[in-house]
Each structure stands twice: as structure tokens, then as C-alpha cells.
Amino acid sequence: MNEISELRKRYLVLINSADTDSALEDVRIKALGKKGEIALKMRELGKMNMEQRQAQGPVLNALKEEINNLIKTQKDNIEGQLLDSRVASEWMDISCSTRLSGGGSVHPVTQVTEEVIAIFSSLGFKVADGPQVESDYYNFDALNIPPEHPARQEFDTFYISGDEDDQTPSNVLRTHTSPVQIRHMQQVNGPCRIIAPGRVFRSDYDQTHTPMFHQVEGLAIDTDISMANLKWVLEEFCRAFFEVETVQLRFRSSHFPFTEPSAEVDIRCSWVDNQLKIGEGNDWMEILGSGMVHPKVLEAVGLDSDKYQGFAFGVGIDRIAMLKYGIPDLRSFFDSDLRWLRHFGFSGNDYPALHSGLSKF
Amino acid sequence: MKFTLSWLKDHLKTDMHVDDIVEALTDLGLEVESVSDPTKELNHFTVGEIVQAEQHPNADRLKVCKVATGDGCRQIICGAPNARKGIKVVVAHPGDYIPGLDTVIKVGNIRGVESYGMMCSERELMLSDEHDGIIELDSKALVGTKYVDQCNELDIVFDIAITPNRPDALGVRGVARDLAAKGVGELKLREIPRVKGSFNSPISIHLSKDVLNEDCPLFAGRYIKGVTNMESPKWLQERLVAIGLRPISALVDITNFVTFDSARPLHVFDASKLSGELTVRKARKGETIVALDGSEYTLSSEDTVISSGNVVESIAGIIGGMNSGCGGDTKDIFLESAYFNPISTARTGRRLRINSDARYRFERGVDPLFVEKGIDFATQLIIDICGGEVSKTLLEGETPYTDKEVILRPNRVDSLVGMRIPKVEQERILIALGFNVSHKDNLLCVKVPSWRPDVYGEADLIEEIVRVTSLSKLKGIPLQKSNLGVMKPVLTPLQNRVSRTRREIVALGMNECISYSFIDEKSATLFSGAIQTVALLNPISSEMTHMRPSLLPGLLQAARRNQARSLNDLKLFELGEVFFGRKPGEQAIHAGGIFVGNYLPKNAFGNQREVDVFDAKKVVESTLNDMGVSVENLSILRDGVPAYFHPKRAGKVSLGPKNALASFGELHPKIVKAYDLKGPVMAFEIFIERVPFSKNRKLIRPPIKVSELQPVERDFSFVVQTRCEVDLIKKAILNGEKGVINEARVFDIFEGKEAEQQLGKNKKSVAFMVRLQPLKTTFTDAELEAISKKIISRVEKMTGAKLRS
């Protein structure tokens, strides 16, 4: 028995001191290999009598199993140490910038247009489109702006040159989105609610004017829509658009040929350190023009102005984009400077939706 | 329009503070653009008296003055020639701001003598350009009192914007009437007595047939003899100067005064320059006139003129002629007050580009019932100021006015505007504005005053009522939803597609631009192809003369600007309208984009590369795919690609032979050069509306087929002619063993000089990975071998390829 416990002790030391896979394998072979010491001892069992064998057998088997387990454990230890030292050597410079991928951007005019659509769609407004080259009729006449009326001169209209032999009246670049009102009312010939965003053109270029800019037209026609409804809609719009708790609007009498009564709309705001705050303060800022659709306009599209009434308004998209996002210069909108596009642009993920809040900030 | 507070008070009795008047004006729709109150800047100047004036010891032109002021006697050095003992002057003390010099004065030392202040000229107070001497005040002015209290002429000037529907507010009287209706004061009664003439005018008026009905229905005139056309009196000059007009002579100033006071333009002819009868007629084509502005105008047969003999003396309602203009020696005059048609006045004025105060009023519509009163009003002023003897008034034609009556349903104010205004108040407002109101049942029968040509219908009356009541009091009322329940989608399929396509392109790393819809002529020609260019009749600059036929030129110009700022790696796109005709609707929505420079710049991962055709192709593929069209199923044609593309490196994606959905490729080097760009440039154009919309929405997806059996990948390498398209090889590979060949993907193309050395002239090698999917049981080696052989033979047959050994 002593012999076996000696053997055990010896191998415990050997296993523990084996520090590589191959040294451990040597120990295993020495102990458990075909000619290993334990194997040899097992072989001796055959020469023993029954009694001896029954006493010695289990001892040897237990030893064999113990050694096996110890070797396995030691093997795991060795692997663990190896892995630890490998990992320790695998230092990597994680400060390095990641792989470049394109940072696309949505133009603020697009983003704001989609914000406006999101808001008005929740009030049941559809989106209507119309041509940018327009006839005199849709841009002016149908909107109660007769040919020689001084109001027409105020638009700085661009004209499309016609064929030399073409006797038809020249077309214009639409000076406002209002012609879409006419086209839409002609189409539906009854109650409707639409907005019509898009490009408009006026021959004017200076610090605050560009010959092309963007407007969104609004139109709601029914039998009972009043100017008070218009005010509510605009208040709701401004509150949602500027993402503030409350807004205050002030209607100021004005004149547009296609609305009667007409009002310019101011919004309460403050300017502190050149920062605009909507909904507070003591300043008023003009943001849009509006009014009740002129009976002559309704008649022009064949609607009975005794039965139908409604409101219309027009907002400068670029302008409200500048106000909301603090973009200083209108001309920069159309310059396509990559730095500007990245700075003021929006990620493709920023699809405006009311349920998530219009903008992510 | 400008006017002063004292002028307003001629018509309006009011004690209201200026700020309240300003608020009321704006609220009425007479938007105040500016108010200038000269007393604010002059408040600190006081009255002084020079008690002693002696020659400066060291300067010939300077005097050392002792000036009595409210703070005692001060020594002030003064260079004005009129500085002398005994006069009352305007004194500024050290520390005071001098508006005309834009400086604060200090205690000075002028050539060795100290000076404690300054005596001011009119220019230094910004009252006028007068700088020949210092201001001499009335001798009764008290020393030490405020200068502003001494001077009556300092008047608050209002500048208001008048909307085109309010010709009546182009005179101070009209503004006063509005304010009175709003409760700012009381409109003063104005009687304009008839001025009786003592003789018959030696000059008669003839309205020719061609103007009688339309262009000049009414003309009043009278002869005044023996006038003295001197300088206007001070009050009149001050009024005109305050509103920015230059006083000329009493006669001219009086007509200007009446124009701004009562919106009644007038004209005065020097009668001695006229030859007999004045005829109002259409001009003969080519007739000319040298007008009072010194310019010569050539007239057309549409213009209305006033002529005498054969000479055109005036362009009706716009500007008088030099020939019969009044000067200092004018003795006898003919005074004109007429009604000229708004439309023809506007047309002539616009064509001749003459902007005059008269035109401005005539084209908006003057009060037809004030033609005769206007002449009496002006006559009285002329007699008072210039003297003279007056003829009887000649009146030709008929007053172009018939009473307009509009029915107002009082409850309509509430139903249209949403404001409850009592009927009595509605009536009060209308009457205050000059309307005549009578009752019939529950309705108001409203007669429109002659000075309101803009009022036609009920809505116009409602506007009058609410603007006087103040729209700022309007309270919002919720708009009822047009349908209950969950909101329905509002975008049309096209609107949706445009929005999705934009964000699809952004997701591919491109930056959205918005460029002007107009471009220069050269660009228009380069990108129009066979389509006619669309030019503007009145472009704003030579860079913006044509409507864009393509989005690319705008983007190329943007790229050029960016390159000039050293921004060289560009992926720019735009989604917007292009134009192919001059008529409404001849426009299309395109998505266009360009890639220039590096797709990815130099970086640590070594994947920097220049942009290539496949960047552009990728956008086309992804967006069309998002629209529900698989590019795999479309043909890519090399023919019929626009000429601005590289002829060998561009294609057009077509659905059938005629319907091109997109183009992509490298732009032609000559285009790159034309835009002075560092190229090459890759580009795409997607014709968004041409892609068909699928008829029915498919929410249910087809069942998924996933095999339990492992697929096998095999690589094949083919040697083909260099101009053999790899897509042809791909199609050959895929064209068989249905269901088994899952995918064929090029993973290597070996071409160029080295390749040709190894493979032979004009050869390249293309390597494909082919993925094979067993259908029922795992492939055996023999099966795989058979499939491979079939693939190879198909490719060889269709492309002439050889398997690379």
C-alpha cells in the first residue's frame, strides 16, 4: 500500500510541476501509458490471488482515475495560462477612428416640408401639387388679380419666353403656391383640406431674398369654416412645428387679392442674445399671410360662394426653417456647400412623425 | 405713404399718444413701417443768447462768444459768419450728442482758447442741409428752455404701407377717417366751398371720342390769371420736406399737397405755353413728349395724352410735359383735375416705366366724386398763396360713378369670421367709414362711398367691420375633424415614392442639395439634348436664364463651388423638377446625383478609393428596387444614353425599349472640362414618375423556402474577350438547373496588360462564385461534376469563354 501512496504522491508533484502541454503529456505517458507505472501495476494484478486482487484492484483504479482527472485539470490550467498571456499580448489601439462610411444628409427645406406635412395630415389635410410653370390664369386671374391691377406688379414675376410665332399669352413661373388652390378646387369641386408645398419664383435677389424659395399653401373649404378656425389651425400648427407648449398669434388686417378678409399673422417671440424664442417675450414677428377665400375665387372655380367658404394661408418654408433651426442666411440654402449641408442637414433616420416628436432634439 | 402728426391733426381731432396711433394704424391694416420723432434726438438742446462775440486772437474766421445758457454764461468758440451779439441760438453742452455730426462734443481747446459747448446749424441737428450759419431763433425764445419747444416744424413723421386696395388711404384724409372709425379721434368736418369764377376760361377742353367712355370720362379745368408763382409759404414747405418731397414752387407744391392730403392728383399748365384748346385723346404712335422729369418718352396709340395744338402737353394721369410746366415767371395757369382710368394709366405707366405719385393714385382709383371738389380745394390754396383771378370751372364728360349698394347679413360676420359684433356696432363702423346704411328686414343695405372702389360685396364689408373692430381680438375655434377615427394616409403613391427615394439615397451616403431651377444658357444647351430649351423672358442674371432640363448642371456647379473651397470628395444629389416645355405641366420629377473625388478618403483601413461608375449604378439599383422594380429584370442599354455621359462608360436602365427609368455612368470628359471640375464625375438620373406603380398592394409575402440541405459553393474562372460583359456570363450561368443554381457572383476580374500577357491579346479572366442548392438529397461528386460541366458549356456557348486552366 505504501508503494501506491508513494506512487500517488510522486505523480501529484509531477503533474503540478508540468507547465506545458508536452511535459504534461510526458507525465501522462509515464503514469498511464501502456508501459506507464500504473499500467504496469495493473498488469501485476493478474498475478495476484483473488483476495489480493480484490483489495488492490479498486485502489489502483481509483488512483488511475484520480491521476487522469488531475492531468485534465492541469491541462485546463496550462491552457488558461496560455490564453491569459496571449490575450495580454494582444493590445490594440482602439483610439483609431472607425471605418469611414458616407454621412448622407437631408436638406432642411425637405425636412421642414415633411414636418409641415406630418402636422397638417393629422388635421386631415392632404398634400396637393401643381406645376411650377403656370399660366397667367392660374397664377393671377383666377386668384382675383386682374391683368393691370397694381397687386400684380408687386410679385416681380418671371415670364417664360414663348415661340416667336406663338400668340398664346406667355406663361409665368408661379410666384406663389396659390395656383394649386385653384387647380385643386376645380378638381374636387366641393369641401377640401389641402396643403401644397413647393418652389416659387420671384425676380428679387439680395441679402434676404432669393429668386427661388419655398412656400406651403393651405386651403380648407367647407360650408362652415370660419376665420376663427383658421386662427386655431395656425396656432396648432405653430405650436406643433416650433415644438413649444404654447404659442400666441396675432392677426393683423391686411390685403391679399384672393382673400377677404385678409390677415397677416404675427407670432409672439423674444430675441435674447440673437436667439429666437417662440411663445414668450414681447416681440411680434410676422410669419405668414392668410384670410378667408375671396368669393370671386370661389366663383372662379365654380363653387357657390353663398354655400361654401373657407380659409387659405401661405407660409415661407425656408423662413420657418431658418427660424426653427437657427439658419442665418437664406442664400446659403441654395449654395450646396458640403459643410453647410452636413451642418444644417438631417440624417435619413430623422423622418418626422408626430408620435415620436417632430425632431429628435 | 408718409405724413406728419400735425397734418393728421388737420383732419383728426385726437389727444392719443403717438404709440397708440401707431398701434391703431397697424391694426387697421395700414401697417406702420416707421415712425420718426425728431424731438427725441433733439431733446437736450437748449436756447442760448450770445451776449458777447469777439474776434479769436489766433484765427481770423473764429469768434470767441460768451453765451447765456440755462447753466450760466459759457465761453463757446464759433466759426459761423452769423454768430453775433444779441441773437438767440441753439446750444449743445459738453457731453451732448450731435446727430448731424454723429459725435458727442467735449470741452475743447481751439487754437489756444477753451470752448465749452457748441452753437448748432440746421445740418448739425439734421433738420436740413443748411450749414451756412448757426440757427437764429425768435428773439422771444427764453434762454434755458428746450429748443424743441421753440420749434413748431419738428413733427413726427409716419410712414405707412398702403395695400393696393386702399386708394383712399393714399391721402391723409383717408387715414384720418380710418382712425376716427376706430375711435382714435374725431374726423374733422371739412367744407370745401365752391370758388366762383368771374370769367369764362379762354382755354376749352375737348374729350375725344376714343377716351370719353373709358380712359378719361371726366375732366375739370379752370383758368387762373395773374398768379405769382413764388416760393411756398413755410408751413407748406415744411409739410412737403417732412414727407420727403422737395419744395419747387408754390403752384407745384400746392398740387403735391392736395395729392397727399386728399389723394387727388392735379396738374397745372402754364397757360401762356398752350395754344388754345386742350384735347384729351389717344396718342399717335411715335409721338413724343419731354416730361417734367427731363426724359423724352415715345408714346404708343394705347396711351392717353393731353395735347394742345399738335403738342403733347401731358401723359394723362402720369406726368406733365416740360413745355407747359410752370416756372417762376408763370402768370396765367390752367388747372386740371380729371378722372383717368386705372387700367390704362397702369398700362402706360408700366410700359414707360414712370413712377409718379399721380400714377400711383390713378392706377389704384381716385375718388370720382372729388374731381370737382379737388379743383375748388386747389383753387382756394392758389388764390390764397399766389393770388390771381379765377375763371368758371369747365367740366367735360360725366362722373364715372354709380351708387353701389351691398346687402350685409349682420350674422354673416360671425359665420365667416367667428367674431360676434353687434349689429349696431357694425352699422356704426360702416357709417364712420363713410358708408351709407339703411335697414331692410334684418339686413343692412349699405351704400359704398365713392372713394372705396375696392368694395364690391358682402365679404368686403365684413372685412371693413372686422378690421376696425380689430382682428387681433379674434379667438381661435377648433376646426372639426373631417373624419373620425384613426388618421388615414394622406400622401399619394408618387408623393410617398419621392420621399422614400430621397431617404434611400441619403442612406447611401449622399448629401441632398437644392439648387436653383434656372441655369445658364450653356448648361441648358449641354443638357437639353434634342428637347427645346425653356428660356425666361426676364432673367435676373446671365447665370439664371433657362429652366433646367436636368438636375446635373446645378449639381456640377455646386461641385465646382465646393472644389474651389477644397471640398473635393462629393456625393451630391437633388430631387426635384426639371422642365421640358414652356407650358404648365411640362415638367418631371427626377432624382439626380454626382460622385466626385474619393468615395472614401485616405484612412487607416486602406479602403480609400476613387468614385466609380458602380457608385452611381448602386443608387439606381437601390432606389428602383425600393420602388418595386428589380434591376436584375431590366435591361441596361448602352444606346440612347444622353451625350453628356461617357459614350463607353454609361448606360440607361430600361423597361422595354422605350421606357428609360434611369441613366448612370461616368460623365463625358468634355462636360467635366466645361464645368472646370477636377474629375472624373460619376452621375445618375432617375426618372421617378416613369417607374410603374404596382397595381395592387401585396401585404402577404410568398411562403419562404428554406432547404435543410447544405448548399455548395463552387468557383469558376472564365477567360473571355475584354469587351464581353460579365452580366452575360452571369446570365449564362443562371440560365439552367432550375432551383439548383441559387446565386452567381463575380468576385474577381483580371484584366489589363498583365492579364493580356498571360491570357492573350484582348482577353480577361472573370471569376465567379456559384452557389448550388441540392433539392432532395445531398449532391454526389458525380452530380456536382455534371452540373459544373453544364455551366461551363453554357457559358462557352453563349459568350465564347474558355474555362481558365
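Colleague: What radius of gyration does chain B have?

Modeller: This is a predicted model. In it, chain B comes out at 42 Å, whereas a compact globule of 805 residues would be near 28 Å.

Colleague: And what box do the C-alpha atoms of chain B fill?

Modeller: Roughly 130 × 85 × 60 Å along the principal axes.

Colleague: How many helices and strands in chain B?

Modeller: Chain B has 22 helices and 45 strands. Of its 805 residues, 43% are buried. Take the contacts in chain B between residues at least 6 apart in sequence: 69% of them join residues at least 24 apart.

Colleague: Switching to chain A. Which residues of H2(A) are buried?

Modeller: Leu24(A), Val27(A), Arg28(A) and Ala31(A). Helix H2 of chain A runs over residues 21-32.

Colleague: Why are they on the same side of H2(A)?

Modeller: Because they cover an arc of only 100 degrees around the axis. An α-helix has 3.6 residues a turn, so residues three or four places apart point the same way.

Colleague: What covers the buried residues of H2(A)?

Modeller: The cover includes helix H1 (2-17), helix H3 (37-45) and helix H4 (50-89) of chain A.

Colleague: Now the contact. How many residues does each of chain A and chain B put in?

Modeller: Chain A gives 79 residues and chain B gives 83 residues.

Colleague: Which helix gives the most on the chain A side?

Modeller: Helix H9 (residues 227-242) of chain A, with seven residues.

Colleague: And how does that side divide by residue type?

Modeller: The side of chain A that touches chain B has 33 nonpolar, 30 polar and 16 charged residues.

How values were computed. Residues numbered from 1 in each chain as written. Chains lettered and ligands numbered in written order. Predicted model: local features only at pLDDT ≥ 70, side-chain atom pairs only at ≥ 80, totals over all residues. Helix = DSSP H or I, 4+ residues; strand = E, 2+ residues; numbered from the N terminus. Rg over C-alpha atoms; globule rule 2.2 N^0.38 Å. Buried ≥ 20, exposed ≤ 12 C-beta atoms within 10 Å, placed from the backbone. Contact = placed C-beta atoms within 7 Å. Expected span 1.5 Å × (residues − 1). Arc of directions from axis to C-beta. Nonpolar A, V, L, I, M, F, W, Y, C, P; charged D, E, K, R; others polar.
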